[in-house]
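Visitor: I've got a structure to look at, and I'd like to talk it through piece by piece. Can you take my questions?

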Amino acid sequence: MNKTEYMNKLKQELNGLPAAVIEDTLWSYEAKFVDAMLAGRDEHEIAASLPPAHLVAAQSGHGP
């Protein structure tokens, strides 16, 4: 899975949550990709190291 696929899946899983939660979560995971890519990691490796999108969405729905 590459960055685009991961982010699309995450957006799909977040559907139905408040807009602010969706935006914050997507920006947070975008930053994770950017930071790791700047550190020399491949986007496939990054996606594989992140939690599955459905788990991120489930945790995002419950707040901090």
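What follows is a chat about this predicted model, in questions and answers.

Visitor: What radius of gyration does the protein chain have, next to that of a compact globule?
Guide: Along the principal axes, the C-alpha atoms fill a box of roughly 35 × 15 × 15 Å. A compact globule with 64 residues would come out near 11 Å, and the protein chain agrees with that, because its radius of gyration is 11 Å.

Visitor: How much of the protein chain's contacts with a separation of 6 or more comes from residues 24 or more positions apart?
Guide: For context, buried residues make up 30% of the 64 residues. As for the contacts with a separation of 6 or more, the share from residues 24 or more positions apart is 58%.

Visitor: Now the inside. Which element gives the most to the largest nonpolar core?
Guide: That core has 15 residues, and Tyr 6, Leu 10, Tyr 29 and Phe 33 touch the most other members. The elements giving two or more residues to this core are α1, α2, α3 and α4. The top contributor, with five residues, is α2.

Visitor: How far apart are the end C-alpha atoms of α2?
Guide: α2 runs over 19–38. At 1.5 Å a residue, its 20 residues should span 28 Å, and the model agrees because the ends are separated by 28 Å.

Visitor: Is Thr 25 buried or exposed?
Guide: Thr 25 is found in helix α2. Leaving out residues up to four places away in sequence, Thr 25 touches Leu 10, Leu 14, Val 56 and Ser 60. The relative accessible area is 9%, and the cut-off is under 20%, so Thr 25 counts as buried.

Visitor: What does Tyr 29 contact, leaving aside neighbours within four places in sequence?
Guide: Tyr 29 is one of the core residues that touch the most other members. Its contacts, with those neighbours left aside, are Tyr 6, Met 7, Leu 10, Leu 50, Pro 51 and Val 56.

Visitor: Which residue caps the N-terminal end of α1?
Guide: Look in the segment before α1, where Asn 2 has its place. A polar atom of the Asn 2 side chain is 2.8 Å from the backbone nitrogen of Glu 5. A side-chain oxygen also lies 3.1 Å from the backbone nitrogen of Thr 4, and the capping residue is Asn 2.

Visitor: Which glycine takes a positive phi just after α1?
Guide: There's one such glycine after α2 as well: Gly 40 has a positive phi, near 100 degrees. Just after α1, with a phi of about 100 degrees, comes Gly 16.

Visitor: Within what arc do the buried residues of α4 fall?
Guide: In α4, Ala 53, Val 56, Ala 57 and Ser 60 are buried, and what covers them includes α1 and α2. They line one face of the helix, because seen down its axis they fall within an arc of 100 degrees.

Visitor: Last one: what relative accessibility does His 54 have?
Guide: His 54 is found in helix α4. Its C-alpha atom is separated by 11 Å from that of Asn 15, 39 residues apart along the chain. His 54 counts as partly exposed, because its relative accessibility is 45%.

How values were computed
Residues are numbered from 1 along each chain as its sequence is written. This is a predicted model: local features need pLDDT of at least 70, side-chain atom pairs count only at pLDDT 80 or more; totals for chains, interfaces and linings use all residues. Side-chain values use heavy atoms; hydrogens and water are left out. Helices (H or I, at least four residues) and strands (E, at least two) are DSSP runs, numbered from the N terminus. A polar contact is a pair of N or O atoms within 3.5 Å; within protein, one must be able to donate a hydrogen and the other to accept it, and residues adjacent in sequence count only if both atoms are side-chain atoms. A nonpolar core is a set of buried Ala, Val, Leu, Ile, Met, Phe, Trp, Tyr and Cys residues joined through side-chain atoms within 4.5 Å. Buried means under 20% relative accessible area, exposed over 50%, partly exposed in between (1.4 Å probe, protein chains only). Contact means heavy atoms within 4.5 Å. The expected span of a helix is 1.5 Å times one less than its number of residues. The arc is that of the directions from the helix axis to the C-beta atoms. The radius of gyration is taken over C-alpha atoms; the globule rule is 2.2 Å times the number of residues to the power 0.38.
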